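Here are a few exercises to work through with the model open beside you. Try each task before reading its solution.

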Amino acid sequence: MIGKLLFSRIKSIVPKVSPTELIALRSGTVSIDRDIFNGYVNIPIKKKEDDFQNKFSQEVLSELLEKYKNDQTIYPSNKSKEIMDFVCSNKFLSCIIHEKYGGKNLSVTELSSLLTKISSNNPALGVVVMVPNSLGPGELLQHYGTEKQKNKYLPKLASGEYIPCFGLTGPENGSDATGSIDTGEVILNEKGETVIRVTINKRYITLGPIANLVGIAFRVKDPTCVIVEKMTGSEYDGTSNHPHEGVTLALLEKGHPGLEQLTHHNPLNSGFPNGTLKGTIDIPVENIIGGPEKMGHGWKMLMECLAAGRGICLPATAKATANTSTVSMIQYAKHRKQFKIPLLKMEGIQEKLANMIYNTWVINASIDLTNTLLDQGEKPAVISAIMKQQTTERARSVLNDAMDIHSGSAICLGNNNLLEKFYRAAPVGITVEGSNTLTRSLIIFGQGLNKSHPHIFNVMESIIKDDVNDFGKNFNKILTHSTMLYGKSLLKPYHLSELERQTVDFANLSNFVALKGGALKAEQMISGDMADIFSNIYLAHSVKWHKESFGINDKISDYCIERLMEENKSKFNNVIENMPYIKPLLWFSKKNLIPRNYKKDKIIVNESINNVKVFNMLTKDIDIKHTPLKDLIDLDFVEHDDYINLTSKIIQVGEYCNDSLKKIN
């Protein structure tokens, strides 16, 4: 009787999980994120710099960067075709395609490095290369395509004959990707053929204006069961009320009857092709990715493949922004004089540089760990969400500090402006793959709690299945887990580091926050603060792992971990103060904030200037040779007149003939 009453009570507070959410929770893997919810993290992986080997031709990469370094607008441009011909013919779009289809099949680490290098030279070009090597037709075909589809499309994707795009979002479904998505219906056309007739209205589709192989997502209805009755009883997508009528993914070639690729967007003049897909289309059922058997499986397919875009590509572009900004502003501050002294001597500049170095170091360390996990076969959905949100946000912070240091030079267009191309592109990374506001407020902790926690999902599944016995077993486990963590958090051994203490405290606090059940979806301020704590703990463990694996600079690593933990303290306090009913039980988890130590800021700035290992780490994956950054670095090695001339060159800003005003109409 007590068991049934408890089951009913828990069932009433557990959040209702939609089929789409359930699929997301069942997709991907758990990794260090589960360790964090257990209160103890031990990363056994050790990695050395010489583990990395290039499969992609560095000569071809250098040629790309040299030829198109000044073509920051890829589309629309009269050089669009020339640029894409070079990119495609040299297999830049084949990085995730298996060798047997003619692809490069790069490791995650090498793909990340390649994207960082390209993006540091030309962000628009980085997007062009990134998208086909992320979530899209290539990856979906490799995982789910029929053999006929794989043999038809993958070799041509690898060779560059096909330029792919993928259409998911529309005016009524943005961050809510399966919201009011386009819906089609299975019919018999005029020729008696079974097709899906759908009217699509897609927008924000990167490469849409130039793609000749178009993937689209839409919901399908099959009212007369033309296809459904021929299908097996396998699990369906769940985004509709009836089996197999969920989201479906299909491929079309450019010129397919009814498919319109007529208009494009302009994302803040950032220069990459982005546009619309429209029209009323009859889609042959064999064009469904995976064949008719995969009708209604699309959301599951997307969720299982999402880790690449979130976990690899967007962090790589964030790294390009952060590393280039930090290295360039360290060099600029060393050599640019104001008030008869180098900018570097001014504490106001040192403070901004310290912030930049901190965020850049955290980005680099977390990317290295995440790429290592992905290369080992992990598909950590929650960690990928952390990486997307945290790296793009921290890169934006780095960029804002860099703009302040570069000052007048940063706001004037011209050849010496290193930052404006990143400044225009920064909001793109913040927005795509689900806005950062959504990712922070709902996904990182909300999904993390349900997926990464060792027991909550099992309790949830037992409720979904209405299995009281299974519920009892899992509830006992979560009760034991919670009791153990409460005691460990209350009686933390003195020898634990602050990172270890906060890992325990977060795991314990999570169990109390979980008692909110479905109300947590609405209480997004608490969820957002918990997401920040969770993210910072993952980032701090990344820095710790990086320090132990590479040993580049202990002072900077320790400084970063300390700052991450200090950021968390106010977040812990906020959450506890805003949960008055449990506040008396968690008095020991309240944190005492430590004032910022200015001396430590100065120390890490000096380490960044004087330690060659730090310089090598920050420059390893960014393009120097083909950018104005080369002149800034060369200032360290020239003397006398050459130094004066080069200094004069790097402080110049763009100047344009006044007569050009006559052309403005």
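**Exercise 1. A set of strands**

In which sense do strand E2 and strand E4 pair, and over how many bridges? Then find how E2 is joined to E3.

Solution. Keep in mind that this is a predicted model.

Step 1: Start with E2, residues 183–188, and E4, residues 213–221; the two strands pair in the parallel sense, over 3 bridges. To see how they line up, look at glycine 184, which stands opposite valine 220 in E4.

Step 2: Turn to E3, residues 194–206. This strand runs antiparallel to E2, and 5 bridges join the two. Isoleucine 187 has valine 195 of E3 as its bridge partner.

Step 3: Follow the chain from E2 to E3. The two strands form a hairpin with 5 residues between them, and in the turn glycine 192 has a positive phi of about 80°.

**Exercise 2. One asparagine**

Is asparagine 573 buried or exposed? Find its helix and its contacts beyond four places in sequence.

Solution. Step 1: Asparagine 573 is found in helix H21, which covers residues 554–577.

Step 1: Its relative accessible area is 13%. Asparagine 573 counts as buried because this value is under the 20% cut-off.

Step 2: Set aside the neighbours within four places in sequence; asparagine 573 is then in contact with Lys590, Lys591 and Leu593.

**Exercise 3. An enclosed space**

How many cavities of 30 Å³ or more does the structure hold? List the residues that line the largest cavity.

Solution. Step 1: The structure holds 1 cavity of 30 Å³ or more, and the largest cavity has about 60 Å³ of space.

Step 1: The largest cavity is lined by Tyr332, His406, Asn416, Leu418, Pro628, Asp631, Leu632 and Ile650.

Step 2: By type, this lining divides into 5 nonpolar residues, 2 polar and 1 charged.

Technical notes: Residues are numbered from 1 along each chain as its sequence is written. This is a predicted model: local features need pLDDT of at least 70, side-chain atom pairs count only at pLDDT 80 or more; totals for chains, interfaces and linings use all residues. Side-chain values use heavy atoms; hydrogens and water are left out. Two strands pair if DSSP finds at least two bridges between them. Helices (H or I, at least four residues) and strands (E, at least two) are DSSP runs, numbered from the N terminus. Buried means under 20% relative accessible area, exposed over 50%, partly exposed in between (1.4 Å probe, protein chains only). Contact means heavy atoms within 4.5 Å. On a 1 Å grid over the protein atoms alone, a cavity is a set of points where a 1.4 Å probe fits but cannot get out, and a pocket is an open set with protein on both sides within 12 Å along at least five of seven lines; lining residues have an atom within 4 Å of a point. Grid points are joined across faces, edges and corners, and a volume is the space filled by probe spheres set on the points. Ala, Val, Leu, Ile, Met, Phe, Trp, Tyr, Cys and Pro count as nonpolar, Asp, Glu, Lys and Arg as charged, and the others, Gly among them, as polar.
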